[in-house]
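Biologist: I would like to learn how to read the packing of a model like this one. Could we go through it feature by feature?

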Amino acid sequence: MIAPENGKPTILIVEDEAGPRNALKMILRPFFHLYAVDNAHAALRLLKEQPVDLVTLDLKLPDRPGVELLREIKLEHEDMEVIIITGYGSLKSALDGLRYGAAGYLLKPFNVTELVNLIKQILAKKQRLDQLRNYLKQPVLGRTAVPDLADAWRRMAHQYAEASSVPHMDARFGRYSHVVGFLSDVLEATSRELLIHSSRVSFYATRMGGHLRLTDHERTSLMLGALLHDIGMVGIAGHTPGQADPIGTPLPEGDKRHTELGVLMLAPFELPAETSQIIAYHHELFDGSGYPEGLQGEGIPFPARIVSIAQGFDQMMAASSPQTTGSVDEALKQLRAQAGTRFDPALIEPLARIMSDGTASFPPFAPAPSSAILPET
Ligand SMILES: [Fe+2]
């Protein structure tokens, strides 16, 4: 929630060196209400006592590593937004920061306009997500009764569009870019890990779709279905809106109703039929032992079989290491061991090939805007 003081959002600057701290204060003062501290202990104490909307954090602090402070802030204030600003940046520290929930990363010396715009962009997004989190607390969103569920989602999308002065869009999805902007915010408002897992599955599935020479329509439907395959989890108890899940925590198997709920809640958005098939059948297993219908082999819609293997791969990668940088070879070995039982055996090698030819090297952890400000590699 944006703090009302002076009608401006409140920023806490955590920076141990006086020069950069004063520079940040000068840059940000016209736009924000400011606090500034020079160590982690003072930062945590201030956050307990004052409402703050966003923290700018130097990774090098006298009393503890900045990444450790970031973890502690996210633990105690899960909705707090944090931007890392450091002169000691590297891709690894950027990924560490994003992994532990930083909203963005900027290397010194930074561009002033870029910093101010980044903060404004992150705060606007925080407002959008806070609004959605309030809406997601409605009990109707966890029920399968029709027409209540579809109506609730139609109203929610309408209110979201009305409240967003700058609508969130994802241009990759063409005519569905507004709907995807809304629904990816819904995933993130539910759980950041749910959005990140969904984005990675969409990344793998879409690369597979290219390799399998699907048509443009089929690839768009696949990209959408893969991104939204677990959208039904949004309405299910246990996925608390706003709950911060550390990356690398395997998603719970979930309530089996999430496949049905997902299809019902997306009914108002007129997405392609193949997208609904993916949401409905991504837990069917090749040997017929899956749910909800126990479909078998080629009786399972083809795009749902692709998403099944893409999500299986992502879960194996996530489970193999708490840092989610597990071995691709190990994950592929596990997939091969389940060819014909859990997965379509014809789809294992296409996935292995895109992993080995470099078109699907491990994708970024976080969606924009963070990726836009990662250092060049
Ligand atoms: Fe699922």
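Biologist: Which residues of α7 are buried?

Modeller: This is a predicted model, in which local features need pLDDT of at least 70, side-chain atom pairs count only at pLDDT 80 or more, and totals for chains, interfaces and linings use all residues. Residues are numbered from 1 along each chain as its sequence is written. A residue is buried if 20 or more other C-beta atoms, placed from the backbone, lie within 10 Å of its own, exposed if 12 or fewer, and partly exposed in between. Helices are DSSP runs (H or I, at least four residues) and strands likewise (E, at least two), numbered from the N terminus. In α7 the buried residues are Val179, Val180, Gly181, Phe182, Leu183, Ser184, Val186, Leu187, Glu188, Ala189 and Thr190. Because 11 of its 14 residues are buried, α7 is largely enclosed by the rest of the structure.

Biologist: What covers the buried residues of α7?

Modeller: The cover includes α5 (112-136), α6 (148-163), α8 (192-211) and α9 (216-228); contact here is taken as C-beta atoms, placed from the backbone, within 7 Å.

Biologist: Which residues touch the most other members of the largest nonpolar core?

Modeller: A nonpolar core is a set of buried Ala, Val, Leu, Ile, Met, Phe, Trp, Tyr and Cys residues joined through C-beta atoms within 7 Å. The largest one has 57 residues, and Ala205, Ala226, Ala310 and Phe313 touch the most other members. Helix α12 (residues 302-320) gives this core its largest share, 9 residues. Leaving aside neighbours within four places in sequence, alanine 205 is in contact with Leu222, Ala226, Ile306, Val307 and Ala310. Another core, of 32 residues, lies apart from it, with Ile73, Val82, Leu106 and Ile119 among its members.

Biologist: At what angle do helix α13 and helix α14 pack?

Modeller: Two packed helices are described by the angle between their axes and the distance between the axes. Axes are lines fitted to C-alpha atoms, for helices over the stretch in contact, and angles run from 0 to 180 degrees between N-to-C directions. Helix α13 (residues 328-337) and helix α14 (residues 348-356) pack at about 175 degrees, with their axes 10 Å apart. That makes α13 roughly antiparallel to α14, a label given to angles over 145 degrees. Val328, Leu332, Leu335 and Arg336 of α13 make the contact with Ile348, Ala352 and Met355 of α14.

Methods: Contact = placed C-beta atoms within 7 Å. Parallel < 35°, antiparallel > 145°, perpendicular 65-115°, else oblique.
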